Amino acid sequence: MAAPTKTATLTIDGKSYELPLLSPTLGPDVVDIRKLYAEADVFTYDPGFTSTASCESTITYIDGDKGELLYRGYPIEQLAEKSHYLEVCYLLLYGELPTQTQMVDFETRVTRHTMVHEQVHNFFRGFRRDSHPMATMVGVVGALSAFYHDSLDINDPWHREVAAIRMIAKLPTIAAMAYKYSIGQPFVYPKNSLDYAGNFLHMCFSVPAEDYVVNPILAKAMDRIMMLHADHEQNASTSTVRLAGSSGANPFACIAAGIACLWGPAHGGANQACLEMLREIGTVDRIPEYIKKAKDKDDPFRLMGFGHRVYKNFDPRAKVMKESADEVLGLLGIHNNETLKVAKELERIALEDDYFVSKKLYPNVDFYSGIILEAMGFPTSMFTPIFALSRTVGWISQWKEMVGDPTQRIGRPRQLYVGAAHRNYPDVAAR
Ligand code: CMC
């Protein structure tokens, strides 16, 4: 980055401090406050990080006002139309689109790592038989560091590369195994003749007793879901991965931390919560009751699948996902089941309602992805694992970017302490 030419001035008690203004390739300038504490003896306060850039990155750019999402500069709409998930993985990991030879090599490397060590099967069997697949995934991905000692040295670029490929390759296998385990079916080994998305469908839906043929339209829709979820700059789970990694933790542990964070209903868990909400609403005539609850300040209820911290115009992923939903539902002949009717009417009302319009609350990616995944035959408990396996490439790209940066330091926020001031320890009888 070029040396800053602009500065911002902060005045505290009549004393002024010059702070460099950094100019990004895209987006607003950033005030560099790194030396503020040392020079002015103050911290900044920004819970929720609404005004704070936590790192420098070259991977993903979001313009929330325009509703724009770029992976390495390429608009998500172009990638969704022309690219495919593994190509996007290459782009996110290495910064450029691959040549044909590079693509073949990358696909071969990923394909060769799709199986998990056979002992991982035993590890799975320690979980309760009806465990939520996300609970299983957090545990199994964390445990990978116990199985793959040969890719744990974060200071070795080759170890970092192997760990990245392993995770991109194995996450679909682990997610499918978590699903199979939760429904009591045998694990299905990956089939490397299939493409990435088709292989995932195969591992989820085939059983040894019958032949299973992957529907290419459903595989394409799955590929698109994966692509739309591949990265989203410094969201909660990615920031978790970076923070965990900043201490030097191994990559498998960092991705497990990201999966744990993603599970929350305000983040990746929203796709499951959204479909469950649509089912709970049940019929169109009950929508006003739920809209009323969503507006009530004393009611914690929120319309799941609506709103976003950054997108204040529309979520470009939701736009592509909506088109995909129409395609998949058309293919499967699902035209007007009750959940779909509720979803369509809820979307219509919320887009016109003053509360949602004034607060800029639009349907987000999770509103439509659940509809497609349900139509494909996935139970709601698999929605967030699919988000997790798709986001793995984003997490690992961000982690690699951070670890490869020689100026990287441990992440250590400060606080605004509002607890008790100094006091003396009282004897138990005096309390
Ligand atoms: N339903 C009703 N009201 C809402 C909603 C909602 N879904 N989302 C935000 N609001 C209201 C909120 O009550 C607040 O009102 P007021 O200003 O009167 O206090 C205002 O809008 C701003 O909300 P906020 O909580 O300050 O916004 P945030 O940026 O901290 O939260 C969010 C963003 C996505 C967590 C939130 O919109 C939400 O909880 N949405 C539902 C969960 C969801 O769909 N999450 C998936 C996000 S997209 C996938 C991903 O990348 O993770």
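How many bridges join strand 5 to strand 6? Two bridges join strand 5 (residues 68–71) to strand 6, and the two strands run antiparallel. The model is predicted: local features need pLDDT of at least 70, side-chain atom pairs count only at pLDDT 80 or more, and totals for chains, interfaces and linings use all residues. Residues are numbered from 1 along each chain as its sequence is written, and side-chain values use heavy atoms, with hydrogens and water left out.

- Tyr71 stands opposite Tyr74 in strand 6.

**Ligand site**

- The ligand has 21 residues around it, and His267, Lys297, Leu303, Arg309 and Lys359 come nearest; a residue counts as near if one of its heavy atoms lies within 4 Å.
- By class, this shell holds nine nonpolar, six polar and six charged residues; Ala, Val, Leu, Ile, Met, Phe, Trp, Tyr, Cys and Pro count as nonpolar, Asp, Glu, Lys and Arg as charged, and the others, Gly among them, as polar.
- Oxygen atoms of the ligand lie 2.9 Å from a polar side-chain atom of Arg302 and 2.8 Å from a polar side-chain atom of Lys359.
- A polar backbone atom of Leu303 is 2.7 Å from a nitrogen atom of the ligand.
- On its own the ligand has 940 Å² of accessible area, of which the protein covers 75%; areas come from the Shrake-Rupley method with a 1.4 Å probe.

**Thr136**

- Thr136 belongs to helix 6 (residues 133–147).
- Its relative accessible area is 1%, so Thr136 is buried (under 20%; exposed is over 50%, partly exposed in between, with a 1.4 Å probe and protein chains only).
- Leaving aside neighbours within four places in sequence, Thr136 is in contact (heavy atoms within 4.5 Å) with Phe124, Phe127, Ser131 and Ala178.

**Ser23**

- Ser23 sits in the loop between strand 2 (15–22) and strand 3 (30–31).
- With a relative accessible area of 40%, Ser23 is partly exposed.
- The side chains of Ser23 and Asp29 make a polar contact at 3.1 Å; within protein this is a pair of N or O atoms within 3.5 Å, one able to donate a hydrogen and the other to accept it, and residues adjacent in sequence count only if both atoms are side-chain atoms.
- Ser23 and Thr5 are 18 residues apart along the chain, and their C-alpha atoms are separated by 8.9 Å.

Key
Two strands pair if DSSP finds at least two bridges between them. Helices (H or I, at least four residues) and strands (E, at least two) are DSSP runs, numbered from the N terminus.
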